[in-house]
Amino acid sequence: MFMEYLLQNWSLLLILPAFAIALDITVFLDKKTIRRMFFLIGFVFLLSIFVFAEFNVPAVKDNRIIRAIFMAIRYSSTPLIIAQIIYTFVKKQNRYIFIPAILLTVIDFISIPTGIVFKIAEDNSFSRGALGYLPFITVGLYAIAIVVLLFKRSNKKWMEIAPIIFLCIALLSQVIFPFVYGSDFSKVFCPTLGIALFIYYVFEILQQTKKDSLTGLLNRYAFETDISSNTEDITALISLDMNGLKALNDTQGHQAGDEALLTLALCMNRALKSRQYAYRIGGDEFAIICRKASEEDVSALVSRIKSNISETKYHCSIGFCCCEDEARDIEDMLRKSDMMMYDDKKRYYEENNLKSR
């Protein structure tokens, strides 16, 4: 039986230790994210044991009650795993994301005596209950949620969109393939999850060379690369600088300052549309590159950013420069954008009788 489990889950048993080793030596992710990913690894490994036992161990598959318990675990696991993925990779995501998955888990276990989701008859035959498709609907909704949330926090570049699409396809396969292949899909159920998680992690690490570790925005290296190459469609630059970060760090600590910077980054990401990319280029300095954007598009973007920030307790000075001339000078655009931003900052400190910085 052990050898059969080993053969069926060999790819998973190769991927998960490699995943754990990679996490242990990574320097790009914060410790909280790494802990949550270790939890995912352990969860998927334990799930592989339950899934194998449900379909292959006679003491389980021939016992109606034990089989029902294992089925409830399997039906509940994928939504819980996706919720944990969202909780791990989406910045500032709270624990409410687990509520639908937890409710489904409760319903799945209630189904053991009631048959509301699934029913194992005395002859050990399987049938769906009134809520028989609820686990698959829940997985589908979570898959949509993870795409939407990851897309919102992304920089809308292909390097970030591609892994999101990959992860979505892998998760949706958990919904579709059971109807196509039946119980045979159990043989690749957990390996699919393990491989999807590991590949997404690899994409995340590759992206870190161009991403700011705190905010998730593109970093200074990416900004300098983008304004020195492929500049022909850059029509606007926006400069942003947080007001009062030093005072916040001095009075409330650097953790409060980090929280402020992350909040501002989220406000920017929520405001961005196609061909608009945000960067953190310094401590409290940000920039946005707009490609093939009109002045109206840029003004609308600035308004959205200001509106989003106004809903927080923070403030940011903003300047921008538009130039749709093909002979544009990027350095000059950046200088003008910075000048407007510094003028905005000066007005802010004068109006509030504050010392600069």
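This is a predicted model: local features need pLDDT of at least 70, side-chain atom pairs count only at pLDDT 80 or more; totals for chains, interfaces and linings use all residues.

Biologist: Asn-124 is found in the loop between β1 (118–120) and β2 (126–128). What is to be noted about the phi of Asn-124?

Modeller: The general idea is that most residues other than glycine have a negative phi. Asn-124 is not a glycine, yet its phi is positive, at about 70 degrees. Lys-292 also is not a glycine and has a positive phi, of about 55 degrees. Lys-292 lies in the loop between β5 (285–291) and α13 (295–310).

Biologist: Is Asn-124 buried or exposed, and is Lys-292 buried or exposed?

Modeller: A residue counts as buried under 20% relative accessible area and as exposed over 50%. Asn-124 has 19% relative accessibility, and therefore counts as buried. Lys-292 has a relative accessible area of 54%, so Lys-292 is exposed.

Biologist: How should I read a salt bridge?

Modeller: Side chains of opposite charge can pair when their charged atoms come close. The count for this model comes to eleven salt bridges. One of them joins Arg-220 and Glu-224, whose closest N and O atoms are 3.0 Å apart. Both residues lie in helix α10 (residues 220–228), four residues apart, which is about one turn of the helix. Arg-220 is partly exposed at 43% relative accessibility, and Glu-224 is partly exposed at 41%.

Biologist: Which residue forms a salt bridge with Asp-233?

Modeller: Asp-233 pairs with Arg-291, with the closest N and O atoms 2.6 Å apart. Asp-233 is in the loop between α10 and β3 (234–242) and Arg-291 is in strand β5, so the pair ties together parts that are 58 residues apart in sequence. Asp-233 counts as buried at 17% relative accessibility, and Arg-291 counts as buried at 8%.

Biologist: Where do Asp-241 and Lys-345 lie?

Modeller: Asp-241 is in strand β3 and Lys-345 in helix α14 (residues 330–351), 104 residues apart, and the pair links distant parts of the chain. Their side chains meet in a salt bridge at 3.0 Å, N to O. Asp-241 is buried, with 0% relative accessibility, and Lys-345 is buried, with 5%.

Biologist: Finally, which element gives the most to the nonpolar patch?

Modeller: The nonpolar surface patch is about 1000 Å², and its residues include Tyr-133, Val-148 and Phe-177. Helices α7 (134–153) and α8 (158–181) are the elements that give two or more residues to the patch. It is α8 that gives the most, with five residues.

Conventions
Residues are numbered from 1 along each chain as its sequence is written. Side-chain values use heavy atoms; hydrogens and water are left out. Buried means under 20% relative accessible area, exposed over 50%, partly exposed in between (1.4 Å probe, protein chains only). Patches are made of residues with over 30% relative accessible area and no salt bridge: like charges are joined within 9 Å, nonpolar side chains (Val, Leu, Ile, Met, Phe, Trp, Tyr) within 5 Å. Accessible areas come from the Shrake-Rupley method with a 1.4 Å probe; for residues, only the protein chains shown count as cover. A salt bridge is a side-chain nitrogen of Lys or Arg within 4 Å of a carboxyl oxygen of Asp or Glu.
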